[in-house]
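Here is a short tour of one protein model, meant to be read with the structure open beside you. Please have a look at it first.

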Amino acid sequence: MASNFKFTMQMPGGFSQSGFAGAGEAQATPALRPYDLFVTRIWQARLPFAAAQRAAWVDEALALRAASPKPAGRTNRQGWNSEDMSVLERAAFAPLREAVRAGCAAALREMGQGETAFRLQSWINLHDRGGFNFLHVHEGALLSGSFYLKVPPGSGKFVFRDPRPGVVHGYVKGAVANGYSDIHLAPEDGLLVLFPCWMEHYVEPHDADEPRIAIAFNALEGER
């Protein structure tokens, strides 16, 4: 995506660069050309191969909880997250690890970081009924993301906070040009989501008896 924009141009029909008619001519509706600045890109993918393996991965996640039931804390509340920050390195998750790495590599190429060596940091994020994650960022990563192992009906949405600091004070609200609107993502089993580490995000409260289980991860600079 181009990083430089040229805003001045000669409009057809004798319009000035501002888009309005010249002196002495009838006024006309300006021919407005939109420019979307400061675009924030996330990525999603569904991993069809994972359908046959998700049950085993869920069992692996639950076994990790059973073996070490105390939650690590961080931004997770009323649920459990693993102290282990390298769960994708476990043999059971090997195919998923390679898919996550390939997705991160593709996204980093679009970010101009295709030559940057990276390693994965990864952990289980599980919500019991009422569980949530409060607003946070993943500071210092090249890229962040989640893969959803189990998303029962009633699962809390994953919410991206609008990153523009001034827009919350604007008059216009909603998902329209120059409006303020957070993005609510309804995850599903087998969905992979990648996003910039600096995107503020949180998870809404979980309203189901079955747990909501995801593997969260960061791509960190450094050799694999």
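This is a predicted model: local features need pLDDT of at least 70, side-chain atom pairs count only at pLDDT 80 or more; totals for chains, interfaces and linings use all residues.

Residues are numbered from 1 along each chain as its sequence is written, and side-chain values use heavy atoms, with hydrogens and water left out.

**Confidence.** The pLDDT is the predictor's confidence in each residue, from 0 to 100. Its mean over the protein is 89, with 88% of residues at 70 or more. Residues 5-21 have pLDDT below 50, yet this stretch has 27 contacts in the model beyond near neighbours in sequence; contact means heavy atoms within 4.5 Å.

**The cores.** A nonpolar core is a set of buried Ala, Val, Leu, Ile, Met, Phe, Trp, Tyr and Cys residues joined through side-chain atoms within 4.5 Å. Buried means under 20% relative accessible area, exposed over 50%, and partly exposed in between, using a 1.4 Å probe and protein chains only. The largest core has 31 residues, of which Leu96, Cys104 and Ile124 touch the most other members. Two or more residues each come from α1 (54-67), α2 (94-110), β3 (118-136), β4, β7 (191-195) and β9 (212-221). Helix α2 gives the most, six residues. Helices (H or I, at least four residues) and strands (E, at least two) are DSSP runs, numbered from the N terminus. Leaving aside neighbours within four places in sequence, Ile124 is in contact with residues including Ala61, Leu64, Trp80 and Ile213. A second, separate core of eleven residues includes Phe160, Leu191, Met199 and Ala214.

**A proline in a loop.** Pro152 sits between β4 (143-150) and β5 (158-160). Is Pro152 buried or exposed? Pro152 is buried, because its relative accessible area is 8%. Beyond four places in sequence, its contacts are His206, Ala208, Glu210, Pro211 and Arg212. Asp189 lies 37 residues from Pro152 in sequence, and their C-alpha atoms are 8.4 Å apart.

| Residue | Relative accessibility |
|---|---|
| Tyr171 | 80% |
| Gln78 | 51% |
| Asn178 | 66% |

Tyr171 is in the loop between β5 and β6 (183-185), and Asn178 is in the loop between β5 and β6. Asn178 has a positive phi of about 65° although it is not a glycine. Gln78, in strand β2 (residues 76-81), also has a positive phi, near 55°.
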